[in-house]
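Biologist: I'd like to learn how to read a protein model. Could you take me through one, feature by feature?

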Amino acid sequence: MATDASAGQIVAVFTAFVCVALLLLVASRRRRRPSREDDEEEGAGRGVLVTGCDSGFGHHLALQLDARGFAVFAGCLFPEGRGALTLAQEGSCRLRVLKLDVTSDKDVEEAKRVVQINLPENGLWAVVNNAGISDWAETEWSNINHYTKMVEVNLFGAIRTTIAFLPLVRVAKGRMVFMSSIFAFFHCLNMGAYSVSKRGLEAFADCLRVEMASFGVKVSIVQPGNFGRATNIVKTKKSWNTWDNLNPEQKLVFSREYMELANAYFNTVTGAGFTEVSMVVDALLHAVSSPRPQYRYLLASRLDSLFFSWYPLLPTAVSDGIFALSPMYARRRKMLYSKQ
Ligand SMILES: NC(=O)c1ccc[n+]([C@@H]2O[C@H](COP(=O)([O-])OP(=O)(O)OC[C@H]3O[C@@H](n4cnc5c(N)ncnc54)[C@H](OP(=O)(O)O)[C@@H]3O)[C@@H](O)[C@H]2O)c1
């Protein structure tokens with residue numbers, strides 16, 4: 001009996017050791033930050049299309065790619081807007097602003113025509129599917145339009161752009177880069193529509209990577225955490241506007257006070273994010289220009305990266321249970337059905 005017990009203990013300790021070693025390996029691989037020294041591909045003579053360059057990550061990326069000698073095609077929703085004008089002023093003569101609403105077949109076709117006419121000598125090297133929108137709402141306050149709009153831009157916009165430009169990137173044996181988010185795998189209150197769009201985007205990118213491997217095209221997924229203060233993605237909402245739009249039945253479930261709490265919580269969380277874009281832009285540059293781009297770039301603080309590396313590996317009961325520990329979740333439960 002004593003021998004059985006000690007053999008069992010040895011197996012248990014060994015199994016635990018192997019599990020921890022594996023998890024640490026996974027975590028360290030996912031947390032590896034790209035370094036600029038890895039960047040070796042020459043920009044000269046190579047075209048890169050970036051969508052969503054009016055502001056945020058796309059805007060900064062377009063300028064940095066231009067500074068590295070790439071011929072940048074900067075897709076802007078508003079080609080006469082401030083962001084597009086800044087690109088035209090600050091960029092070199094290689095940087096070309098295109099009108100590109102990724103939800104429009106016509107815009108994508110026209111953008112492709114312009115890119116083909118102006119292809120640099122080494123063709124279209126990369127497409128960075130960056131354009132995106134974000135919003136938050138509980139599922140019961142949402143309607144189907146909320147989901148459709150999110151998916152039209154974040155998912156179908158990227159798919160439409162990819163299908164149009166993939167033949168050019170295939171010829172160049174280049175790169176397809178997809179701007180996802182931690183919300184592709186981290187599920188929490190209020191982010192349903194955004195998560196659907198980003199999880200769908202990753203499914204698309206993962207399948208594309210498998211198909212494109214035989215053509216020499218590399219596919220990368222970028223997963224930023226909270227950079228809400230560094231870009232224009234967060235649109236401030238008024239809690240009473242959201243509440244006024246609820247029907248009487250919904251108002252009985254979600255009180256105005258709860259709506260205010262949810263709004264304040266959202267503002268606090270986004271207010272705690274990174275204030276500048278360099279971590280994300282460096283990862284995008286790495287995905288475009290390194291000879292060894294990563295499959296995934298998880299971009300968050302070191303502590304958050306550790307948490308997010310483990311999170312997808314947790315059993316659902318454990319990952320759901322983490323939310324039960326959050327004070328916000330507990331307060332919400334007390335406030336539902338107009339309870340205070
Ligand atoms: N910031 C974060 O914390 C964060 C975290 C994870 C992932 N992301 C992702 O990063 C990407 C870039 O966002 P960002 O944070 O840089 O925010 P941003 O400053 O709002 O940039 C998004 C860009 O996409 C453009 N856009 C919106 N709808 C479009 C459409 N239909 N066609 C083409 N362009 C469109 C926006 O144009 P307008 O400015 O004219 O609306 C804007 O230029 C998004 O895919 C977002 O989901 C951001």
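This is a predicted model: local features need pLDDT of at least 70, side-chain atom pairs count only at pLDDT 80 or more; totals for chains, interfaces and linings use all residues.

Biologist: What about contacts along the chain?

Modeller: Two residues are in contact if their C-beta atoms, placed from the backbone, lie within 7 Å. Take the contacts in the protein chain with a separation of 6 or more: 75% of them are between residues 24 or more positions apart.

Biologist: How do I read a pair of helices? At what angle do H2 and H10 cross?

Modeller: Axes are lines fitted to C-alpha atoms, for helices over the stretch in contact, and angles run from 0 to 180 degrees between N-to-C directions. The axes of H2 and H10 (residues 278–289) come within 10 Å and cross at roughly 55 degrees. That makes H2 oblique to H10; the scheme is under 35 degrees for roughly parallel, over 145 for roughly antiparallel, 65 to 115 for roughly perpendicular, and oblique for the rest.

Biologist: Is that crossing left-handed or right-handed?

Modeller: A crossing is left-handed if the near helix is turned anticlockwise from the far one by less than a right angle, and right-handed if clockwise. The H2 and H10 crossing is right-handed. On the H2 side, the contact is made by Phe-57, His-60, Leu-61, Gln-64 and Leu-65, and on the H10 side by Val-280, Val-281, Leu-284, Leu-285 and Val-288.

Biologist: What classes of residue make up the contact of H2 with H10?

Modeller: Ala, Val, Leu, Ile, Met, Phe, Trp, Tyr, Cys and Pro count as nonpolar, Asp, Glu, Lys and Arg as charged, and the others, Gly among them, as polar. This contact has eight nonpolar, two polar and no charged residues.

Biologist: Can we zoom in on one residue there? Is Val-281 buried or exposed?

Modeller: Val-281 counts as buried, because 21 C-beta neighbours sit inside 10 Å. Leaving out residues up to four places away in sequence, Val-281 touches Phe-57, His-60, Leu-61 and Gln-64. The C-alpha atoms of Val-281 and Gln-64 are separated by 8.4 Å, yet the two are 217 residues apart along the chain.

Biologist: Let me try another pair. How do H4 and H5 cross?

Modeller: The axes of H4 (residues 105–117) and H5 come within 10 Å and cross at roughly 30 degrees. That makes H4 roughly parallel to H5. H4 gives Asp-105, Val-108 and Lys-112 to the contact, and H5 gives Arg-160, Thr-161, Ala-164 and Phe-165. By class, there are three nonpolar, one polar and three charged residues.

Biologist: What should I look for in the backbone angle phi?

Modeller: Most residues other than glycine have a negative phi. Lys-173 is not a glycine, but its phi is positive, about 50 degrees. Lys-173 is in the loop between H5 and strand S5 (175–179). Asn-190, also not a glycine, has a positive phi of about 75 degrees, and Asn-190 lies in the loop between S5 and helix H6 (192–212).

Biologist: Last one: which residues come nearest to the ligand?

Modeller: A residue is near a molecule or strand if its C-beta atom, placed from the backbone, lies within 6 Å of it. Of the 30 residues around the ligand, Gly-52, Asp-54, Gly-56, Gly-132 and Thr-231 come nearest. H2 supplies the largest share of the shell, three residues. By class, the shell has twelve nonpolar, 16 polar and two charged residues.

Key: Residues are numbered from 1 along each chain as its sequence is written. Helices (H or I, at least four residues) and strands (E, at least two) are DSSP runs, numbered from the N terminus. A residue is buried if 20 or more other C-beta atoms lie within 10 Å of its own, exposed if 12 or fewer, and partly exposed in between; C-beta atoms are placed from the backbone.
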